[in-house]
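Please examine the sequence and the model before working through each solution.

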Amino acid sequence: MLNLVLFGPPGAGKGTQSAKLIEKYGLHHISTGDIFRSHISNQTELGKQVSQIIADGNLVPDSITIAMLEEEIQSNKDAKGFIFDGFPRTVAQAEALDAFLESNNTGITGVIALDVDEQELTQRIAKRQEISGRADDAADKLKKRIEEYFGKTIHVLPYYENQGKLSKVNGIGDIEAIFAELSAVIDRY
């Protein structure tokens, strides 16, 4: 089973590249952001719970995120593998994901970090916000999300680096060139 974590700050291109990787490798996409937005739009109990947290630019508590993720994996047992987009965001989440996957006789194959600087992120998300109107892309929320990433989430990388699973890819440039570089990394697995 090919299980990948696509890592990067908000606006790094995780969603764009995930779509291309899913098509090429036949993986099941798990985006915690998409799962949250689905629950919110369907006004599920969970959606009501996390709506304000996300709108404020804060991270949803680990217990809720992990439970949703486990449910998503369990409901897709026939998948060739998974691509995790936007998760894990903390070392505790990474440890919980490892433990859960291990209990299902699998694990993370590799972690690919998309490197994008803060200036590029701000420009990309400003454009995305104009198109999508996502509440978490508003300028004040975006600043908080980027600070959250560089202050907390980035600390997950050494966890995977210590396991020998981390690769970095330049996330700035032509979408197809970035995809080719990602594919080259994955093909080595």
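**Exercise 1.** Determine whether F84 is buried or exposed.

*Solution.* F84 has a relative accessible area of 0%. Buried means under 20%, exposed over 50%, and partly exposed in between (1.4 Å probe, protein chains only). F84 is therefore buried.

The model is predicted: local features need pLDDT of at least 70, side-chain atom pairs count only at pLDDT 80 or more, and totals for chains, interfaces and linings use all residues. Residues are numbered from 1 along each chain as its sequence is written, and side-chain values use heavy atoms, with hydrogens and water left out.

**Exercise 2.** Classify the pair formed by the rings of F82 and F84.

*Solution.* Rings of Phe, Tyr and Trp (its six-membered ring) pair if their centres lie within 6.5 Å; planes under 30 degrees apart count as stacked, over 60 as edge-to-face and the rest as tilted. The structure holds two aromatic pairs. For F82 and F84, the ring centres are 6.2 Å apart and the planes stand at 35°, so this pair is tilted. F82 is also buried, at a relative accessible area of 2%.

**Exercise 3.** Classify the pair formed by the rings of Y159 and Y160.

*Solution.* The centres of these two rings lie 5.1 Å apart, and their planes are at 80°, so the pair is edge-to-face. Y159 is buried, with a relative accessible area of 18%; Y160 is buried as well, at 0%.

**Exercise 4.** State which residue lies over the face of F179.

*Solution.* The criterion requires NZ of Lys or CZ of Arg within 6 Å of the ring centre and within 35 degrees of the ring normal. K20 lies over the face of F179, at 4.9 Å from the ring centre.
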